[in-house]
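Hello,

Here is the structure for your files. My notes on it follow below.

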Amino acid sequence: MSIRVFINPLNREIYAEKGDILLHRLQDEGIHIEALCGGKGLCGKCRVILDKGRVEKRSLIPDKLLSHEELESGYYLACMVRLIEDCEFTIPTESRIENPKILISSELKIPEIKPAVTKHLLESKPGKSSNLLLSYRRLKIKDYKGAAPRVPEAIYDQINKIDDEVVTVTLSKTNGFPEVINAEGGDTIDRSYGLAIDIGTTTIVAVLVDLLSGEILGRGSGMNKQITYGEDLVTRTAIARTPEGLKKLQKVVVDAINEVLSQIYEETGIDPSEVSETTIGANTVMNHLFAGLESGYLEIANVEVSRDPIIKKAGEIGVNVNPMGYVYCVPNVSRFLGGDAVGDVIASEMHKSEDMSLMVDLGTNGEIIFGNNKWMFSCSCASGPAFEGEGVRHGMRAAIGGIDHIKIDDETKKAEITTIGEAPAKGIVGSALIDVVAEVFRVGVMDFSGKFVKDMPYVREGKWGLEYLIVPAEETSIQKDIVLTQADLDYVIDSKAAACGAITVLMMKLKIDIYKTKNIYLAGAFGTYTDMGNATSLGIFPEFPNGKYHPLGNGSLSGAYATLISVDKRREAAEVAKNMVYIDLLVDLEFIEEYSKALYLPGEKEYFPSYSKN
């Protein structure tokens with residue numbers, strides 16, 4: 001018997017079977033709601049308010065994540081709600097996943113445009129032979145030199161069905177051999193398009209590119225719909241262990257990509273069939289889930305991961321482009337260092353410089369790379385989603401109403417904030433989280449061990465211990481005090497210790513001191529929006545007195561763009577991936593020691609000499 005469930009303020013009516021879990025039904029219906037832990041009852045993010053009806057709770061234990069006032073007001077965790085009769089819910093503001101502020105980088109300056117896809121005119125039609133071996137020999141292509149291209153039977157038939165005397169064919173060398181992937185009537189040589197896509201854990205960004213000029217013709221972005229199944233990669237790989245789970249996760253990410261592409265096609269007027277090549281920048285797990293590849297083995301420490309690019313036909317995956325065109329994924333290095341990090345290297349060109357450089361990309365997972373034109377060493381750390389504004393009491397992704405920067409008055413200890421869109425505060429985004437932790441340390445509200453100091457202004461006792469008031473309820477859009485709790489502090493400091501420990505353990509192994517690093521490349525939103533002074537005083541990074549910071553923007557997208565329009569860049573990406581040394585910190589004893597030292601602020605004096613003098 002179907003149960004009717006009405007969802008406010010979306011005005012959506014969905015149906016469920018008795019005993020269904022509310023969160024699962026919301027996910028299946030494509031209703032986006034925060035679920036950091038993937039529905040395990042650990043994060044307390046999937047809050048809903050029961051307006052009408054009656055439900056059962058799977059467990060009472062997660063109720064500890066809700067305040068007494070919330071429980072009295074009818075708050076539930078969607079992952080703990082078992083549906084038993086018709087009911088009505090409201091998804092409160094803080095639980096909704098809204099369109100984030102997404103970083104889209106500009107294209108790289110590529111010296112020579114040399115895409116893997118080219119277009120040519122046929123000298124003449126091959127004739128209606130059913131013998132494919134003959135068809136290879138009889139397909140004469142103007143201005144083409146090289147091995148005879150393969151012609152799939154479907155393309156051969158397509159050519160013979162074209163009434164025009166002039167026929168244009170599209171050739172691809174993506175899979176290591178020339179292949180005809182499309183045929184069109186008329187002369188369409190001047191219309192050749194490709195897509196570069198960054199598949200992030202949280203967001204998707206795509207650009208439509210003219211393959212003849214390298215010009216970006218359209219841009220689009222959206223949420224990675226996998227996020228409703230869990231924020232972290234471990235949760236998603238657990239779901240993907242079964243064929244059904246893998247199929248579900250692949251479908252939702254491809255659906256999300258196609259929604260972004262539909263925006264671009266509408267904006268540019270270009271037909272999907274004209275898009276002949278797609279390149280992907282993504283971490284290793286996202287590459288596997290997107291391509292429909294088994295990913296359970298990535299949970300094993302020190303497991304070998306193929307460093308060859310994943311290459312598949314677009315039609316096999318379901319991306320809305322020419323189905324015969326290829327999808328090329330920038331190659332991975334290890335289970336936690338993927339094509340997005342290789343793209344960062346390509347975008348920075350640190351692999352071409354004699355100077356010692358450091359690449360850092362901090363998101364849910366942190367990628368760290370030291371190197372120059374002779375060698376590269378890398379590692380990754382589980383920095384958690386704190387630097388993306390998640391995993392803390394009032395954290396959120398960068399969106400309208402998010403507090404993006406915080407400054408604390410030295411005398412009064414009052415927080416002064418700015419918000420995205422100058423809207424009433426809704427939560428704290430990653431850049432502001434770094435600000436506020438660095439600031440409470442600077443003004444003495446927090447000590448060097450990461451604990452709040454009692455009897456300081458705006459520090460008070462809360463449900464989870466001491467907390468610092470950032471914005472009072474009457475000044476917010478959620479009508480709740482926005483605070484930084486002691487648990488939040490512990491989480492951020494744990495994240496910063498993981499990042500700093502990952503950097504310093506590589507420095508130890510390579511015998512590099514803080515004075516040798518000349519360039520620090522910062523990829524992603526972290527490098528674009530974070531106050532680097534606060535990031536250093538908090539101890540996320542060591543001091544680099546001779547280093548220059550370079551925000552890269554979306555290096556993953558830049559790497560995908562570069563490999564879309566240049567086969568030379570593909571060769572560079574292959575070399576970077578093949579030659580990079582990777583150290584798995586989960587089995588490295590030196591990392592545990594470095595991580596432990598970094599739990600104190602800002603860190604060891606050899607890495608923070610200026611602060612040790614204070």
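Two strands are taken to pair if DSSP finds at least two bridges between them. Helices (H or I, at least four residues) and strands (E, at least two) are DSSP runs, numbered from the N terminus. This is a predicted model, in which local features need pLDDT of at least 70 and side-chain atom pairs count only at pLDDT 80 or more, while totals for chains, interfaces and linings use all residues. Residues are numbered from 1 along each chain as its sequence is written, and side-chain values use heavy atoms, with hydrogens and water left out.

Overall

The secondary structure of the protein comes to 17 helices and 29 strands. Along the principal axes, the C-alpha atoms fill a box of roughly 90 × 70 × 45 Å. Of the 614 residues, 60% count as buried (buried is under 20% relative accessible area, exposed over 50%, partly exposed in between, with a 1.4 Å probe and protein chains only). Among contacts (heavy atoms within 4.5 Å) between residues at least 6 apart in sequence, 68% join residues at least 24 apart.

Strand β13 (residues 203-210) is largely enclosed by the rest of the structure, because 8 of its 8 residues are buried. In a regular strand the side chains alternate between the two faces of the sheet. In β13 both faces are covered: one side has the buried residues Thr203, Val205, Val207 and Val209, and the other has Ile204, Ala206, Leu208 and Asp210, also buried.

β13 has an antiparallel partner in strand β12 (residues 193-199), joined to it by 7 bridges. Leu195 has Leu208 of β13 as its bridge partner. The two strands form a hairpin with 3 residues between them. Strand β14 (residues 216-223) is also antiparallel to β13, again with 7 bridges, and Val205 stands opposite Ser221 in β14. The hairpin of β13 and β14 has 5 residues between the strands, and Gly214 in that turn has a positive phi of about 85 degrees.

Helix α4

Which residues of helix α4 (residues 153-161) are buried? They are Ile155, Tyr156, Ile159 and Asn160. These residues lie on the same side of α4, because they cover an arc of only 140 degrees around the axis (the arc is that of the directions from the helix axis to the C-beta atoms). The face turned away from the buried side carries the exposed residues Ala154 and Lys161.

A sheet of 3 strands

An open sheet with mixed pairing has 3 strands in the order β22-β21-β23. Its edge strands, β22 (415-419) and β23 (427-428), each pair on one side only. Strand β21 (residues 402-408) pairs with β22 in the antiparallel sense over 5 bridges; Lys407 stands opposite Glu416 in β22. Helix α10 packs on the sheet, touching β21 and β23, and its direction makes about 15 degrees with that of β21 (axes are lines fitted to C-alpha atoms, for helices over the stretch in contact, and angles run from 0 to 180 degrees between N-to-C directions).

Nonpolar cores

A nonpolar core is a set of buried Ala, Val, Leu, Ile, Met, Phe, Trp, Tyr and Cys residues joined through side-chain atoms within 4.5 Å. The largest has 67 residues, of which Tyr468, Ile470 and Ile540 touch the most other members. Helix α11 (residues 486-510) gives the most to this core, with 12 residues. Not counting residues up to four places away in sequence, the residues that Ile540 touches include Leu362, Phe387, Ile434 and Phe526. A second, separate core of 39 residues includes Ile204, Ala291, Val319 and Val327.

Backbone points to check by eye

Most residues other than glycine have a negative phi, and most peptide bonds are trans. A cis peptide bond joins Asn8 and Pro9, with omega about -5 degrees; Pro9 is in the loop between β1 (2-8) and β2 (12-17). The bond from Leu601 to Pro602 is also cis, with omega near -10 degrees. Glu349 has a positive phi near 65 degrees and is partly exposed at 36% relative accessibility. Tyr458 has a positive phi near 70 degrees and is partly exposed at 33%.

Regards
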